[in-house]
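Thanks for coming. I will go through one model today, starting with a term and then working through the packing and the backbone.

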Amino acid sequence: MQIGIVGLGRMGGNIARRLMRAGHSSVVFDANPAAVAALASDGAIGAASLAELVQKLTGSPRAVWVMLPSGAITEATVTELGGLLGSGDIVIDGGNSYFRDDIRRAGVLAEKGIRYIDAGTSGGVWGLERGYCLMVGGDKDAVDSLDPIFLALAPGKGDIPETQGREGRDPRVEQGFMHAGPVGAGHFVKMIHNGIEYGMMQALAEGFDILRSRKGAKLAPAEQFDINLPDVAELWRRGSVVSSWLLDLTANALANDGKLESFSGFVEDSGEGRWTIEAAVEEAVPAEVLAAALFTRFRSRQEHTFAEKMLSAMRLGFGGHVELGKH
């Protein structure tokens with residue numbers, strides 16, 4: 001299949017590359033001409049504008065994947081595409097947009113017959129090789145028509161053991177791709193995913209901070225332990241119930257910099273954590289761990305602990321997120 005891709009940053013460029021590796025054709029555009037040129041050298045069809053991208057898309061329906069930061073730039077891009085595409089065409093927002101914005105945008109585009117899909121995309125800077133876990137919202141016919149695209153991007157079953165009792169359920173989920181429901185449902189599921197991510201990261205960070213602090217002078221000498229943190233992280237990766245990709249990233253960071261001196265501990269949040277807590281309040285669902293993890297990130301911008309340096313290290317590991325002021 002052919003698809004247009006707008007936004008060739010940390011994830012958008014690799015989405016285009018993964019699709020091309022699977023035999024699909026990509027027409028690409030980015031505000032940075034060098035990014036377009038780099039993808040063109042890899043086999044993509046470059047475009048100098050959104051209008052040119054749409055013009056170079058052949059076949060029907062045309063589909064354009066927008067991979068840009070949530071907010072004004074995505075809003076403006078979807079609006080411009082709404083004036084360029086026609087009835088039956090599809091816009092996919094693969095960024096981290098707020099699900100209510102998806103519902104509103106879909107309504108506006110529907111008036112022109114243009115279909116809208118929201119695709120929560122997890123995989124970070126490793127997606128080219130590992131694949132992307134996809135949480136997709138939209139009309140069933142539109143989503144089903146793009147199955148080849150979504151399945152090419154998804155990680156596939158790999159060597160993960162099958163879950164017993166899944167007979168009769170959507171097999172695409174086992175490939176790493178889920179049609180979560182109507183427009184907005186995909187980004188809603190991704191939003192909660194990211195909220196959970198905050199809590200998991202915080203638990204790991206606090207645990208390692210406690211291990212590190214056990215050699216403190218205020219403790220009884222016999223109870224002071226100088227724990228080797230890189231070795232603990234490596235140990236827990238192997239058979240422990242807390243093994244995870246986040247722990248893998250932690251082990252990598254500690255192996256390279258045991259004191260994490262290259263990190264300040266200033267931890268940003270990208271919005272999904274806040275929206276998750278808002279949803280919990282609306283639904284009257286207690287979410288103490290997720291709320292505490294979010295507020296810890298706020299506090300980290302005033303004073304920094306070793307735990308927050310670990311959070312920064314994990315964010316750099318999975319998403320390429322550089323601390324504010326770091327280059």
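Before anything else, a cut-off: a residue counts as buried when its relative accessible area is under 20%, and as exposed when that area is over 50%. What you have on screen is a predicted model.

With that cut-off, take leucine 260. Its relative accessible area is 1%, so leucine 260 is buried. Leucine 260 sits in the loop between α11 and α12, the latter covering 272-283. The backbone there is worth a look, as phi of leucine 260 is near 55 degrees, a positive value in a residue other than glycine.

Now compare alanine 284. Phi of alanine 284 is also near 55 degrees, again a positive value in a residue that is not glycine. Alanine 284 belongs to the loop between α12 and α13, where α13 is 288-299. Is alanine 284 buried or exposed? Its relative accessible area is 66%, so alanine 284 is exposed. As background, most residues other than glycine have a negative phi, and most peptide bonds are trans.

That brings me to the peptide bond between serine 60 and proline 61, which is cis, with omega at about 0 degrees. Proline 61 is in the loop that runs between α3 (50-56) and β4 (63-66).

Next, the cores. The largest nonpolar core has 32 residues, and the members that touch the most other members are Ile5, Trp65, Ile92, Ile117 and Phe150. Which residues does isoleucine 92 contact, once neighbours within four places in sequence are set aside? The list is Ile3, Ala63, Val64, Trp65, Val66, Ile117, Ala119 and Leu146. There is also a second, separate core, this one of 23 residues, with Leu229, Phe263, Ala307 and Ala313 among them. In general, nonpolar side chains in soluble globular proteins tend to be buried together.

The crossing of α9 and α11 is right-handed. On the α9 side the contact is made by Glu197, Met200, Met201, Leu204 and Phe208, and on the α11 side by Leu246, Leu247, Thr250 and Leu254. Sorted by class, the contact of α9 with α11 has seven nonpolar residues, one polar and one charged.

The second pair is α9 with helix α14, residues 306-319. Here the angle is about 135 degrees and the axes are 8 Å apart. That angle makes α9 oblique to α14. The crossing of α9 and α14 is right-handed. From α9 the contact uses Glu197, Met201, Gln202, Leu204, Ala205, Glu206, Phe208, Asp209 and Arg212; from α14 it uses Phe306, Ala307, Met310, Leu311, Met314, Arg315 and Phe318. By class, the contact of α9 with α14 has 10 nonpolar, one polar and five charged residues.

Last, two loop residues. Lysine 215 is in the loop between α9 and α10, with α10 at 229-236. At 47% relative accessibility, lysine 215 counts as partly exposed. Leaving out residues up to four places away in sequence, lysine 215 touches Gln224, Phe225 and Asp226. Lysine 215 and aspartate 226 are 11 residues apart along the chain, and their C-alpha atoms are separated by 5.3 Å.

Glutamine 164 is in the loop between α8 (147-153) and β8 (177-181). With a relative accessible area of 70%, glutamine 164 is exposed. Its C-alpha atom is separated by 39 Å from that of glycine 9, 155 residues away along the chain.

That is where I will stop.

Key
Residues are numbered from 1 along each chain as its sequence is written. This is a predicted model: local features need pLDDT of at least 70, side-chain atom pairs count only at pLDDT 80 or more; totals for chains, interfaces and linings use all residues. Side-chain values use heavy atoms; hydrogens and water are left out. A nonpolar core is a set of buried Ala, Val, Leu, Ile, Met, Phe, Trp, Tyr and Cys residues joined through side-chain atoms within 4.5 Å. Buried means under 20% relative accessible area, exposed over 50%, partly exposed in between (1.4 Å probe, protein chains only). Contact means heavy atoms within 4.5 Å. A crossing is left-handed if the near helix is turned anticlockwise from the far one by less than a right angle, and right-handed if clockwise. Helices (H or I, at least four residues) and strands (E, at least two) are DSSP runs, numbered from the N terminus. Ala, Val, Leu, Ile, Met, Phe, Trp, Tyr, Cys and Pro count as nonpolar, Asp, Glu, Lys and Arg as charged, and the others, Gly among them, as polar. Axes are lines fitted to C-alpha atoms, for helices over the stretch in contact, and angles run from 0 to 180 degrees between N-to-C directions. Angles under 35 degrees count as roughly parallel, over 145 as roughly antiparallel, 65 to 115 as roughly perpendicular and the rest as oblique.
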